[in-house]
Amino acid sequence: MNPALLQVRDLRTYFETRAGTIKAVDGISFTLERGEILGLVGESGSGKSVTGFSLIGLLDPPGRIAAGSVMFQGKELVGLPQAEMRKLRGKRIAMIFQDPAATLNPVLTIGQQMAMAVQAHGGGGDSAALALAARSLARVGIPDAAARLHAYPHEFSGGMRQRVAIAIALLHEPELIIADEPTTALDVSIQAQILAEMKTLAQESGTALIWISHDLAIVSSLADRVIVLYLGRIMEFGPVADVLRAPLHPYTRGLLDSLPAMADPGQKLRQIPGSTPSPLNVTPGCPFAPRCSQADDLCRSEPPPVGDQRHGAFCHHPLPGAA
Amino acid sequence: MSKILTAENISRRFSPHVTLGDRIARLFGAKLDRRPVMAVTDVTLAVQRGETLGLVGESGCGKSTLGRMLAGNLEPSEGAIRLNGAPPMQAGRKTTTHIQTVFQDPFASLNPRRRVGETITEGPIAHGLITRSEAAGFAGEWLAKVGLDPAYVSRFPHQFSGGQRQRIAIARALAMRPEVLICDEPVASLDVSIQAQILNLFLDLRQEFGLTTIFISHDLSVVRHVSDRVAVMYLGRIVELEAAAKLYAAPRHPYTQALLDSVPKLSLEGNIGVSFKPISGELPSPLSPPSGCAFHPRCLKATDLCMTERPKLELDDEYGAVACHHK
């Protein structure tokens, strides 16, 4: 059997600050198969974006990968020299960011930027590069793609800019795309278009996708499997339908109950008490213990175990789950 | 029910400012786009006492501009707004304190150099609701009402989290004892678990103070949760106005239908976890809105009539209205 496309083992990304070490990602493990869509869900500070940046080697100091391993098609990415990483990045692993206005260069035309991205990985002459760029734009549903190559980013709307960013990510038919909240800045109607397109693109090209989002509903509309993060640790993981229908972790249950769509209009929402604590002083046990109604002394002192199952939760007292 | 706040055919136009740089550019032959933008066009609305009216729409639909006009923070270019029969703004000056606003970003809406106690008491002192000597106790009471420790009065905004700051912003607005509270995307920048806390607080306070509320949000599920009645806006106009339960169960305007369908919905019944249908096309530029019904280029039901004639927002009873030829 082939090794998994991506195998992350006990990834720890720490930020050294004057106030102390922030463990933004604190021991995350997962595997991703070819063509699979994985959702990473969490609130702010859960480490979901830092996980994405760690995988693709885009951490800025003081951030560093303190421990763990990221195996991409049998190749270790942690500690890989920058020059080696650059050969992979954009070619075999691509990333789509939240704000398309910030990721595109405002003083270059779309065609120039896309041709640079093609030629960075030896894409041949200018005309070949532009032809590839036009094909890629057409794939993401930009009308009149060849003419739009001469347009600057400001001539596109927000949704169209995000499509351009997706087209750039698709240029080299990468095996893995990491998408960091790519629809958060967009309106619902545009978001729906992008989600529908990403789903078909992933299916057609067999690209694996890591979709990072704070919105459970969005992740569930796309992903095959989902991982729920809280304060840099995995709370729960499993196939989307199982996690949504029968969450095992009190935090996942709490997140679902907090959604207004899940409650009767006008009724009180079942809220999670308290707020996310500072990442500087996380309890030694389960990070969610201070806000959890089921927490006991064990939760506060011992990190919870997890079995090796398809759907599991890092919890001492998991909910009954499916009846 | 009595009407507390009414808007009669209000519009708001924003004309671009000509700067020195623009004039110089024009000397060298640059063409300047001087077309004004109609942010809100011809909106007529009556808010009933005690109701929560939700305003939804995508970015650029004019919901915040309408909210600011209703709050008396922005004068309409045309039309009139009346609070209890009198205009809330006269000759560029706001004459009423009966309307207060809670804004989206609690990081930007609180003065970072001012202790939160001062932030809460400034308005009530200026308007003679309390005296300076009562201020400390008053601020503490309000912090307690929004679920914060009264001992926090002398803290600064940076010492609070986003959710706590939004509580302070709510305390500041309610300390003026307004009749109408305008909430402009109050939970958009908060995490879901914090959003639930703030929505619960809002539901409690609304009941305690008998508030009339205008709740602006792009999030359809949040609006459904808190609103009695919902107005859906598209390109500066209200396209549908209806009781919340009815609007979500049976939307009559094709835009409302499409908007509701485009939200990924979690459903725990059946096999499929989530379903959604995208709307085709993009929002047209408000600089040159389409003729007739502004939604016709994206509408599945559009006919020739829709391209030429704009449907009126017709009240079919006191409560609901829809602007569509093919409702």
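**View 1. The interface of chains A and B in the predicted model.** Contacts, meaning C-beta atoms placed from the backbone and lying within 7 Å, link 36 residues of chain B to 36 residues of chain A. On the side of chain B that touches chain A, helices H6 (192-209), H7 (220-226), H8 (244-249) and H9 (254-262) and strand S12 (265-266) each supply at least two residues. H6(B) gives the largest share, nine residues. Helices (H or I, at least four residues) and strands (E, at least two) are DSSP runs numbered from the N terminus. Residues are numbered from 1 along each chain as its sequence is written, and chains are lettered from A in the order in which they are written. In this predicted model, local features need pLDDT of at least 70 and side-chain atom pairs count only at pLDDT 80 or more, whereas totals for chains, interfaces and linings use all residues.

**View 2. The open sheet of chain A.** Four strands lie in the order S2-S1-S4-S5 with antiparallel pairing, where a pair requires at least two DSSP bridges between the strands. Strands S2 (20-32) and S5 (75-76) of chain A form the edges, each pairing on one side only. Strand S1 (residues 6-17) of chain A runs antiparallel to S2(A), joined by 10 bridges. Arg12(A) stands opposite Asp26(A) of S2(A).

View 3. Helix H1 (residues 48-56) of chain A lies across S1, S2 and strand S4 (63-72) of chain A. The helix runs at about 70° to S2(A), with axes fitted to C-alpha atoms (for helices over the stretch in contact) and angles taken from 0 to 180 degrees between N-to-C directions.

Conventions: Two residues are in contact if their C-beta atoms, placed from the backbone, lie within 7 Å.
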